[in-house]
Amino acid sequence: MKIIGLDSLVFGVPDLEACRQYLRDYGLETVAEDDNSGCYEALDGTSVVLFRADNPSLPAAPTAGCMLRKTIFGVADTDTLSAIAEELGKDREVKVLDDGSIEALDDTGFMLGFQLTVRRPLDLAGEISNAPGAAVQRPINSLAVNNSKARIQPRTLSHIVYFVPDVAKAEAFYVERLGFRCTDRFIGVGPFLQPPGCLDHHTHFLIGAPAFMTGVEHFTFHFGGPTEVIQNGHNFIEKGYQAFWGPGRHVFGSNWFWYFNSPFACHVEMDADMDMFDLEWSAREAPISADASQAFLLGYRQRWFPGPGAPVNGDYEG
Amino acid sequence: MTADFVRLAASSDIAEGQSRGFDPRPARLDRSANNRSGGDSDVMFVVRHQGQLYGWLNSCPHIPGSPMAWRKDAYLNASGSHVCCHAHGALFEPDTGLCVQGPCQGGHLTAVPGLYEEAGEIRLRIRAAVAG
């Protein structure tokens, strides 16, 4: 099955205006908006779709507190759609929608959609750094830092993290029914999962939690590199948003991260430069801890310089 | 003589069904009130519910120390009926601090003692040692 990754996340939200503004300030492009809905895209066409929470066309959420209503995968071809429909049709209802996509519930109660991927190929440089001893990467006379750039845009929808009451059952569904594989595991927490048509370390991470918590821990888009994550996160905070964790760099997956609170009843992350693994990779296992979670952890500071007018204690204390 | 309170805001700054965050340490108060950035986490927040003011520590019982607003001063859910932790959407009664939905349901916010209104101001009573 050529499941490429996440194409779209559909939310039903009680405060549509707040969520719209949040996604715009995060860097997504508004591609459709009306009084009751909106679609916000990354550079490759992957998206977050918003509806008002009381929209009757939305699938139900798994729990009252969860605003995510549907997780839509992009697949490479119609054969994959047919194979998924046949496999899931063995023990559950599989609906074919007017647009040719299919939808079915997973074993936790999250509604899943599968469609021919909307992803547009991107032809963009990533973050390029030069280092002594390595061939020149970023050309001579080109600039690494661009402070005047009006907006930093996420490139593609990266991953989602679910709270699930039964990790083994939830994992088995993705692994045995859809061909995902575990790339790494936090013992007693859950697995990082990679779909069969994707090299990213994970598009899903599952966290075991009580049934009443079933829902989303966070979702995130990939940015162009660590500078974009940190610069965009810094700008986000200065627009008034509340950081939760980061910036830092994870150990499992190696992705740079910065997590923020949100009006989506989950955290929203900015991430970059996740490890990519193929079938040669053997999954690691580790107990979760601060040391196992990140190589280092930084925090926001206001811009500052050492000179006239600098507060005696820097900007840490007033 | 040093005052035994700090002025957090004018009473009119927090209307019914609104919330606002503060860092009441005297050296930080002006900065907390004037800085609209979310980067400086508020130590506490104040909500007005049915006319009464309630002060709570900005720390979700799910993950103690974790900040609850999604942007500066946004400590309530969309309808304004509940305090909301915007990490995972936990809902709390604004007057009792009881968590009624979310990861920490059954748990409580931590009340900030010494909050009162006088002379059109929202004030926090503090110990002289802190005020000095």
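Q: What makes Glu87(A) and Arg177(A) a salt bridge?
A: In this predicted model, the closest N and O atoms of Glu87(A) and Arg177(A) are 2.5 Å apart. The cut-off is within 4 Å, so the pair counts. Glu87(A) lies in helix H2 (residues 78–88) of chain A and Arg177(A) in helix H3 (residues 167–177) of chain A, so the bridge ties together parts that are 90 residues apart in sequence. Shared partners in salt bridges also put both residues in one network with Lys90(A), Asp91(A), Arg92(A) and Asp107(A).

Q: Why is Arg20(A) called buried?
A: Its relative accessibility is 3%. Buried means under 20%, so Arg20(A) gets that label. Its salt-bridge partner is Glu17(A), with the closest N and O atoms 3.1 Å apart. Glu17(A) has a relative accessible area of 48%, so it is partly exposed.

Q: How do you know that Arg20(A) and Glu17(A) are separated by about one helical turn?
A: Both sit in helix H1 (residues 16–26) of chain A, and they are three residues apart there.

Q: What makes Glu29(A) partly exposed?
A: Glu29(A) comes in at 32% relative accessibility. Glu29(A) meets Arg151(A) in a salt bridge (2.4 Å, N to O).

Q: Why is the link between Gln115(A) and Asp7(A) called a polar contact?
A: Their side chains come to 2.9 Å. The distance limit is within 3.5 Å, so that part of the test is passed. Gln115(A) itself is buried, at 15% relative accessibility, and its place is in strand E8 (residues 111–116) of chain A.

How values were computed:
Residues numbered from 1 in each chain as written. Chains lettered and ligands numbered in written order. Predicted model: local features only at pLDDT ≥ 70, side-chain atom pairs only at ≥ 80, totals over all residues. Heavy atoms only, no water. Helix = DSSP H or I, 4+ residues; strand = E, 2+ residues; numbered from the N terminus. Buried < 20%, exposed > 50% of the residue type's maximum accessible area, 1.4 Å probe, protein only. Polar contact = N/O pair within 3.5 Å; in protein donor to acceptor, adjacent residues only side chain to side chain. Salt bridge = Lys/Arg side-chain N within 4 Å of Asp/Glu carboxyl O.
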